[in-house]
Amino acid sequence: MDFTLTEAERDMTELGRAYAEREIAPVAARAWHDERCPTEVLSGLGELGLLGPLVPEKWGGIGSSTAGYVALLEALAAVDPSVAAAWQAHSTIGSLPLLLFGSDAQRERWLRPLAEGTRLGAFGLTEPEAGSDVRSLRTRAERGDGGWVLNGQKAFISNAGTDMSFGVTVLARTGEDPDGRPRFGSFIVERGTEGYSQGPKLRGIGWRGLDTRDLFFDSVWVPDDQVVGEPGGGLAQFLGSLEVGRISIAALSLGTAAGALRMALDYAGRRVQFGTRISGFQAIQFKLADMATEIEAARWLTYRAAALRDAGQPFRKEAAMAKLKASQVATSVVSEAVQVFGGAGYMLDSDIARFYCDAKVLEIGEGTNEIQRLVIARALGC
Ligand SMILES: Cc1cc2nc3c(=O)[nH]c(=O)nc-3n(C[C@H](O)[C@H](O)[C@H](O)COP(=O)(O)OP(=O)(O)OC[C@H]3O[C@@H](n4cnc5c(N)ncnc54)[C@H](O)[C@@H]3O)c2cc1C
């Protein structure tokens with residue numbers, strides 16, 4: 001399989017990499033320690049046209065292939081996993097329900113500002129009682145005259161509470177099929193809508209620059225023109241968007257791991273013990289060699305899933321494999337990188353400690369790794 005990027009995709013990746021090194025790197029650590037989402041750099045990415053990577057030009061984006069998207073995300077994450085996490089949640093699950101399932105009027109009104117980079121997108125699926133088991137979600141949408149009334153709560157929703165956030169696309173129960181199976185619809189809820197409120201920014205082990213909050217819906221009125229697709233088709237839309245989201249988490253994992261490897265290599269070449277650089281010790285060399293090999297293995301899985309999507313072929317199993325493997329590689333590579341740094345890597349002021357904290361969530365978000373294994377096992381016929 002050919003994973004070669006087009007010239008335009010290489011240019012896009014270089015543009016993002018240069019911006020990340022010039023503008024994001026200097027603010028990354030401060031924003032992380034202050035637990036602040038640095039929307040000024042997300043806005044800067046928007047000004048470069050990089051907030052609509054997967055959205056066609058017709059709707060204000062740049063219409064990159066999935067493989068090009070993976071390359072850009074890897075470059076951003078290698079500099080700052082937190083900002084990259086916000087960028088990727090916006091670019092996939094925050095935008096794709098509108099792109100793939102919205103009407104043209106909805107795309108014009110809500111997707112275009114996301115793709116043109118003036119607004120951030122958010123995706124509201126998880127609830128306090130419904131994480132992996134999404135069908136048990138309790139947020140309800142009751143039919144009214146010309147619209148729906150939403151009541152319920154969402155948990156851990158990213159990008160909904162920043163000064164750039166437009167609101168959220170949210171999944172709610174709309175009723176039951178004759179056989180008793182729940183039906184779900186997806187609804188666009190704008191910031192400022194009466195009855196829609198947000199909790200405080202949540203504090204995580206890592207990704208401290210990502211704005212993640214609980215959301216509350218107290219008799220929120222949503223007119224019919226803010227229902228995405230059919231009122232019973234919401235779950236399929238959300239799960240379809242999450243499949244791309246898994247390739248995205250795999251790419252985010254690759255970047256996190258690659259950034260950690262780069263720091264470990266640099267440090268090993270500078271740190272002197274026993275009169276020699278520690279990169280001269282075979283024990284350190286083998287660590288670095290294993291880290292690089294594992295990253296390369298995960299990279300092939302990730303690009304393969306992306307290439308399948310770009311070729312219009314099924315990619316559910318491959319996306320799950322990529323997310324599973326790449327997130328495991330990220331957590332093990334950042335841990336080994338801290339080991340290369342010794343005590344200096346354990347201190348929270350170091351960049352490598354920040355990457356270490358940022359990696360764990362990759363095994364949890366957008367479907368835990370146990371759920372990825374279930375997806376893979378089902379595809380194997382279990
Ligand atoms: C930083 C962050 C950002 C997030 N952003 C968003 C967002 O923007 N939008 C959104 O909708 N959600 C978001 N989430 C939620 C995330 O998708 C969920 O946390 C994740 O899907 C897991 O759900 P849960 O936390 O309820 O865990 P649970 O589902 O309660 O799982 C707990 C444990 O049980 C295991 N488990 C559950 N079911 C099974 C099973 N059938 N077989 C084997 N093991 C099982 C899980 O793998 C896990 O180890 C975010 C979460 C975090 C941490």
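User: How many residues surround the ligand, and which are the closest?

Analyst: This is a predicted model, in which local features need pLDDT of at least 70, side-chain atom pairs count only at pLDDT 80 or more, and totals for chains, interfaces and linings use all residues. Residues are numbered from 1 along each chain as its sequence is written, and side-chain values use heavy atoms, with hydrogens and water left out. The ligand is surrounded by 17 residues, the closest being Thr126, Ser132, Phe156, Thr368 and Glu370; a residue is near when one of its heavy atoms lies within 4 Å of the molecule.

User: Which element supplies the largest share of the shell around the ligand?

Analyst: Strand β3 does, with three residues. Both β3 (147–158) and α12 (369–379) supply at least two residues of the shell; helices (H or I, at least four residues) and strands (E, at least two) are DSSP runs, numbered from the N terminus.

User: What makes Arg30 and Asp34 a salt bridge?

Analyst: The rule asks for a side-chain nitrogen of Lys or Arg within 4 Å of a carboxyl oxygen of Asp or Glu. The closest N and O atoms of Arg30 and Asp34 are 3.1 Å apart, so the pair qualifies. Both residues lie in helix α1 (residues 7–34), four residues apart. The count by this rule is 26 salt bridges.
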